[in-house]
Amino acid sequence: MSKLKLGMIGNGYLGEIVVRAWKEGLLPEYELVGIVGRSREKTDALEAGSGCRACETIEELLELKPDYVAEAASVEAVKTMAEKILSNGSNLIVLSIGAFADGAFYEKVKETAATHGTRVYLASGAIGGFDVLRTVTLMGASTRFDTWKGPQALKYTPLFEERLMTDEESTTVFDGNAKGAIELLPTKVNVAVAASLATNGPENTKVTVNSVPGMIGDDHRITAEMEGIKAVVDIYSSTSEIAGWSVVAVLQNIVSPIVF
């Protein structure tokens, strides 16, 4: 049986995880055909180690006719490339789910995929439990998303204040919804948008962001609750590595005879 062609967007830490998993034989059903990224030097390095093509543009990658394109780049990359990929007949795996906090863009992507018979797969990133969250939401549950980060992780964002570096207690620096959170923190709370899309939507999912003195990594807790049922997904990770591996898990699930 011929292998499925796989293309990659993103040549950073998370993209490297997917390429390494492929090289180590964890994705035997796929042929890695090409990678496109912002740094030509990094793309060339991945090409040399995997034997795929280092592409300059998304158009060059799509010329290789990938069956699946996995994104591990940025919200901007998703907004720029998603429709081109789906219109090309390629399926798309998205890690930077924050792009879909834009409701109009989300609907356009759905329409494009439906028109061209392609699909968008949302990687779980640093969270999970979408199955139970979707189930409980269908039953009528409301959802909230709470995240805790060290103040260092909030530097260079609109939420950062110098006092956070010397605070001795946890401080809530954002209290709103997922749509507002991603507007302020486009690279920090993709997971909040992922959870909201699986449940009540970006405008109807309450989000808090909390600064915790001395904390390293992130702790994300999603709570879906209604009378008689409470589902809680709580995941702590000290690095972003889990996000890269979530793309590998999606790729494995796509071709598995048993789907989780």
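Analyst: A search of the whole structure finds zero disulfides, where a disulfide is taken to be a pair of cysteine sulfur atoms within 2.5 Å. This is a predicted model, in which local features need pLDDT of at least 70 and side-chain atom pairs count only at pLDDT 80 or more, while totals for chains, interfaces and linings use all residues. Residues are numbered from 1 along each chain as its sequence is written, and side-chain values use heavy atoms, with hydrogens and water left out.

C52 is in no disulfide, and the nearest cysteine sulfur, that of C55, lies 7.5 Å away.

I58 belongs to helix α3, residues 58-62; helices (H or I, at least four residues) and strands (E, at least two) are DSSP runs numbered from the N terminus. I58 is buried, with a relative accessible area of 5%. If its neighbours within four places in sequence are left aside, I58 is in contact with I9, V36, M81, K84 and I85, contact meaning heavy atoms within 4.5 Å. The C-alpha atoms of I58 and V255 are separated by 24 Å, and these residues are 197 apart along the chain.

We can turn next to the helices. In helix α1, residues 13-23, the buried residues are L14, G15, I17, V18, V19 and A21, and they pack against β1 (4-9), β2 (30-36), α2 (40-50) and α9 (241-255). Just after α1, G25 takes a positive phi of about 85 degrees. The axes of α1 and α2 are 11 Å apart and pack at an angle of about 10 degrees; axes are lines fitted to C-alpha atoms, for helices over the stretch in contact, and angles run from 0 to 180 degrees between N-to-C directions. That makes α1 roughly parallel to α2, since angles under 35 degrees count as roughly parallel, over 145 as roughly antiparallel, 65 to 115 as roughly perpendicular and the rest as oblique. From α1, E16, V19, W22 and K23 meet L46, G49 and S50 in α2.

Helix α6 (residues 130-138) and helix α8 (residues 190-198) have axes that come within 8 Å and cross at roughly 45 degrees, and α6 and α8 are therefore oblique to each other. Their contact is made by F130, L133 and R134 of α6 with A194, A195 and A198 of α8.

Finally, there is an open sheet of five strands in the order β8-β9-β7-β10-β11, with mixed pairing; two strands pair if DSSP finds at least two bridges between them. Its edge strands, each pairing on one side only, are β8 (171-177) and β11 (229-237). Strand β7 (residues 142-149) pairs with strand β10 (residues 218-226) in the antiparallel sense over eight bridges, and the bridge partner of S142 in β10 is E225. Helix α8 packs on this sheet, touching β7, β9 (206-211) and β10, and its direction makes about 165 degrees with that of β7.

Notes
Buried < 20%, exposed > 50% of the residue type's maximum accessible area, 1.4 Å probe, protein only.
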